[in-house]
Amino acid sequence: MAAMKKLVVGNWKMHGSRSVNAELLQGLLAADLSTSAPRADVAVCPPFVYLADAVAALQGGAIAVGSQDVSVQAQGAFTGEVAGPMLRELGVRYTIVGHSERRTYHAESDQLVADKARAALSHGLVPIVCVGETLAEREADQTEAVVGRQLQAVIDTLGADLVRVVVAYEPVWAIGTGKTASPEQAQAVHAFLRARLTAAQADAARVPLLYGGSVKPDNAAELFSQADIDGGLIGGASLKAADFAAIARAA
Ligand code: PEP
């Protein structure tokens with residue numbers, strides 16, 4: 001069951017500067033996405049230090065702001081962490097949790113990711129929980145086992161709040177590589193995730209399922225037309241206003 005409106009989220013990763021971001025955001029505002037992409041909810045996720053700038057630039061418009069991570073803690077002696085209440089206070093709406101780069105470079109476990117999702121929800125943020133397999137795991141026919149395990153931690157941890165999350169399927173081998181999962185490959189995993197969510201809780205059938213991994217203007221429409229693909233999490237192409245706007249319009 002696909003959601004009525006697609007959700008298209010830009011993950012800027014560790015890119016940008018105040019002037020580069022201002023130009024990018026101006027480009028997105030000029031694209032007038034609420035009119036030109038009426039079937040998409042849109043958000044951008046800049047690095048933490050630029051969140052306040054992005055919220056200010058996008059104030060009152062249709063584009064929401066998300067962070068790329070959140071602490072499991074609400075406050076305290078946790079050097080380098082950023083807490084949910086701080087993000088909420090700024091006007092941040094979404095937070096990405098468990099991106100494969102954080103799982104890989106920061107050794108984030110399935111349980112830590114699930115705990116971050118729970119912390120985000122408890123502070124009024126919508127977590128975008130990323131799951132995805134590596135190339136070796138896909139080749140070993142482990143895709144469902146891996147994404148199923150990653151999702152299960154979230155199901156077990158959130159209980160009834162499961163319905164409030166967004167899930168992003170991002171095959172690690174497709175992130176930043178130019179290799180996109182075919183629409184059929186992506187749809188198959190999305191259908192599996194949808195079935196797992198629905199088996200856990202009937203209402204969780206409506207959890208938006210985003211696809212991420214080298215989504216570009218020329219492949220977005222076909223991916224978004226799949227039955228269980230409710231939008232996209234966009235890395236590289238979200239750094240160019242024209243490309244990101246074209247992807248939102250493809251919804
Ligand atoms: C991402 O990192 O979330 C991502 C999907 O990146 P890209 O679009 O560049 O593959």
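Is Q150 buried or exposed, and at what relative accessibility?

## Residue Q150

In this predicted model, Q150 has a relative accessibility of 5% and therefore counts as buried, the cut-off for that class being under 20%. The residue belongs to helix α8, which spans residues 143-158. When neighbours within four places in sequence are set aside, the contacts of Q150 are R103, D110, V131 and G132.

## Ligand site

The ligand is surrounded by 14 residues, and the closest are K13, H99, E170, G176 and S214. By class, this shell comprises 8 polar, 4 nonpolar and 2 charged residues.

An N or O atom in the side chain of K13 lies 2.6 Å from a ligand oxygen. A polar backbone atom of S214 is 2.7 Å from an oxygen atom of the ligand, and for a polar backbone atom of G235 the corresponding distance is 2.8 Å. The ligand taken alone exposes 300 Å², of which the protein buries 97%.

## Aromatic pair

The count of aromatic pairs is 1. The partners are Y169 and Y211, whose rings are 6.2 Å apart centre to centre, with 55° between the planes, a tilted arrangement. Y169 lies in strand β6 (residues 166-169) and Y211 in strand β7 (residues 209-212), so that the pair links distant parts of the chain, 42 residues apart. Both Y169 and Y211 are buried.

Methods: Residues numbered from 1 in each chain as written. Predicted model: local features only at pLDDT ≥ 70, side-chain atom pairs only at ≥ 80, totals over all residues. Heavy atoms only, no water. Phe/Tyr/Trp six-rings, centres within 6.5 Å; stacked < 30°, edge-to-face > 60°. Helix = DSSP H or I, 4+ residues; strand = E, 2+ residues; numbered from the N terminus. Buried < 20%, exposed > 50% of the residue type's maximum accessible area, 1.4 Å probe, protein only. Contact = heavy atoms within 4.5 Å. Near = heavy atom within 4 Å. Polar contact = N/O pair within 3.5 Å; in protein donor to acceptor, adjacent residues only side chain to side chain. Areas by Shrake-Rupley, 256 points an atom, 1.4 Å probe, with all protein chains shown as cover. Nonpolar A, V, L, I, M, F, W, Y, C, P; charged D, E, K, R; others polar.
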